[in-house]
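Thanks, everyone, for making the time this morning. Please bring the sequence and the model up on your screens, and I will walk you through a few parts of it.

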Amino acid sequence: MEDALMEAAVLVERRGGTLLLTLNRPERANALSRELVEALEAALTAAAADGSWRVCLLAAVGDKAFCAGADLKERALMSEEQVRAFVPRLQALASQLAGLDRPTIALVQGAALGGGLELALACDLRIAADEATLGLPEVQLGIIPGAGGTQRLARLVGVAKAKELIFMARRLSGTEAVAAGVSNASVPRAALLETGLAWAESVAKGAPLALIAAKRAIDEGIALPLGAGLAVERACSAPLVETADRVEALNAFREKRAPRFEGR
């Protein structure tokens, strides 16, 4: 059973209320082969149907690479038609990750290039190892980021900075990625998982329904004019008034104790 688990392209583990998804093809730099994509699609589908976790961490096995992007060896053997079909599938995979209703955190311990960085950009938060390398080098391969990178990066760091990073195929260290606004934090590689779990625990202290509502309000409102975004915020906020968790928060404040949220 343990051998079969270690052969899985994506490892799925629970750490309390934290769901840990780990890319597990270090011998191929965790590149996005059809096998790995299929395994991650299945893991994300299962995660979306499981209401028991609070925060999802996306990590990878090996020190060398979080995900080196497309599996170029495999892609070289694909026909043009197969490549045309596969690129939208990678975009759909990143959107599937971004579409999880609860908070997600990418833990980037090594190279996150091309589609690998696009997966990290699809998460809500990113923590990179100081030694990591993050970049979108596609223009130097005759293509452009096709799994959401042109859109998510521009929304994250601004249009001018995104153009700089993409046009020049810049590669950032973990610390440089923080300065550029690509990552939320950088830490020594040895502390990455511990830090990610600590962040997940901190996020999970929030009321589950409130976290879902906050993520929805931000994600749906960001591309809208302010007035429309405020309407989204109101629509997300209103149902929370009637939840048991809101009452529990008030009781906990009055009783000077930590709230015990149940997600209802």
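Predicted model: local features only at pLDDT ≥ 70, side-chain atom pairs only at ≥ 80, totals over all residues.

Let us start with helix 2 and helix 4, which are roughly parallel to each other, a term used for angles under 35 degrees, whereas angles over 145 count as roughly antiparallel, 65 to 115 as roughly perpendicular and the rest as oblique. Residues are numbered from 1 along each chain as its sequence is written, and side-chain values use heavy atoms, with hydrogens and water left out.

Two packed helices are described by the angle between their axes and the distance between the axes. Here helix 2, residues 34-49, packs against helix 4, residues 80-98, at about 30 degrees, and the axes are 10 Å apart; helices are DSSP runs of H or I with at least four residues, strands are runs of E with at least two, and both are numbered from the N terminus. The axes are lines fitted to C-alpha atoms, for helices over the stretch in contact, and the angles run from 0 to 180 degrees between N-to-C directions. Which residues meet? From helix 2 they include V37, L40 and L44, and from helix 4 they include F86, L90 and L93, where contact means heavy atoms within 4.5 Å.

Now please turn to the open sheet, which is formed by 6 strands in the order 1-2-3-5-7-10 with mixed pairing; two strands pair if DSSP finds at least two bridges between them. Strand 1 and strand 10 stand at the edges with a single partner strand each, so one side of each has no neighbour in the sheet. Neighbouring strands are turned by 20 degrees against each other on average, direction ignored. Further in, strand 5, residues 104-108, and strand 7, residues 125-129, run parallel and are joined by 4 bridges, and L107 has I127 in strand 7 as its bridge partner.

Is V187 buried or exposed? V187 is buried, with a relative accessible area of 13%, where buried means under 20%, exposed over 50% and partly exposed in between, using a 1.4 Å probe and protein chains only. Leaving aside neighbours within four places in sequence, the contacts of V187 include I127, A129 and L192.

Lastly, T22 sits in strand 2, residues 18-23, and also counts as buried, at 10% relative accessibility.
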